[in-house]
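Have the viewer open as you read.

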Amino acid sequence: MARDWLNIVDKSIIVTGGASGIGLHIVQELVKNGSKVTIADISVEDGEKDGIYYVKTDITSVESIQRMVDLVVERFGRIDVLVNNAGINAPRLLVDFYSNERKYEIDEGIFDKMVNVNQKGVVFTTQAVVRTMLENKVRGIIINISSESGMEGSVGQSLYSATKGAVNSYTRSWAKELGKHGIRVVGVAPGINEKTGLTTPEYNEALAYTRNIPVEDLDKGYEKSIPLGRVGKLDDIANLVAFLASERSDYITGTTINISGGKSRG
Ligand SMILES: NC(=O)c1ccc[n+]([C@@H]2O[C@H](COP(=O)([O-])OP(=O)(O)OC[C@H]3O[C@@H](n4cnc5c(N)ncnc54)[C@H](O)[C@@H]3O)[C@@H](O)[C@H]2O)c1
């Protein structure tokens, strides 16, 4: 009989933002491998469907996070893996030098929103989950979905890339804090990928504006900027996350893995 290489059957895994895009592909890959997956997402209703547990969660609210974590522990008895995937992006320039309307300029509202979801959400979800791991003596794994821009910076995306840079920093520090408890903390930094819920017409319009190019040109030039000559598949990312959620990656912690087809400047 062929062996089960990943061996993540029955692991209790939470994927925040698992209802769409990258998160949904991660969920599907984990379910295929037999894990007990919870989708913690602001856009779902509580319930169970097709073997997936759904808990409506707003990761900007500590109360909402705690409710979700309590429900998951009540149902599955423990949490083995947390995938901090929920995130938002809204391109903005530091100074909108293309018009006087300051339409796509950083303001307090967008700063607070982006930091609340991408940074505060990651901190307090991880805190609540790690408490349960310590209580139950689980050698758990935290997987933070970052972005290549968090390592390299990106025109029109300084706010977003800064929140992801912060996430990379949490990854490094938490790995140092939690290593002695057998808990690993790893980052995954995707580059340019197949479309997701994040790539809305408003997002494309804002990104094109901040780069001073027509919207139609946004998808041009990948052959040159991505050494492997194609955008990332959402399943490419899901495969990496499944590997990191398994004991096959048992000696990886405190680092963020770039998954961008070799692209490194954007
Ligand atoms: N799409 C890309 O090319 C790309 C590239 C690099 C990194 N990323 C990162 O990957 C992650 C997933 O992005 P995606 O492109 O799949 O986006 P997406 O918009 O398709 O999915 C994000 C999910 O997060 C949920 N969400 C948003 N705010 C939430 C909140 N406050 N509480 C709980 N859930 C919330 C949404 O409902 C949605 O289901 C993000 O962290 C993003 O920054 C994406």
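Around the ligand there are 25 residues, the closest being S20, D41, N85, Y160 and T196; a residue counts as near if one of its heavy atoms lies within 4 Å. This is a predicted model, in which local features need pLDDT of at least 70 and side-chain atom pairs pLDDT 80 or more, while totals for chains, interfaces and linings use all residues. Residues are numbered from 1 along each chain as its sequence is written, and side-chain values use heavy atoms, without hydrogens and water.

By class, the shell holds 8 nonpolar, 14 polar and 3 charged residues (Tyr counts as nonpolar and Gly as polar, while Asp, Glu, Lys and Arg are charged). Helices α1 (21-32) and α5 (158-178) each give at least two residues to this shell; helices are DSSP runs of H or I with at least four residues, numbered from the N terminus.

| Residue | Part of residue | Distance |
|---|---|---|
| D41 | side chain | 2.6 Å |
| Y160 | side chain | 2.5 Å |
| G197 | backbone | 2.9 Å |

The protein covers 89% of the 830 Å² of accessible area that the ligand has on its own (Shrake-Rupley method, 1.4 Å probe).

Now for the helix pair. α5 packs with α3 (residues 108-135) at about 15°, their axes 9 Å apart; axes are lines fitted to C-alpha atoms over the stretch in contact, and angles run from 0 to 180 degrees between N-to-C directions. α3 and α5 are therefore roughly parallel, the term for angles under 35 degrees.

Notes: A polar contact is a pair of N or O atoms within 3.5 Å; within protein, one must be able to donate a hydrogen and the other to accept it, and residues adjacent in sequence count only if both atoms are side-chain atoms. Angles under 35 degrees count as roughly parallel, over 145 as roughly antiparallel, 65 to 115 as roughly perpendicular and the rest as oblique.
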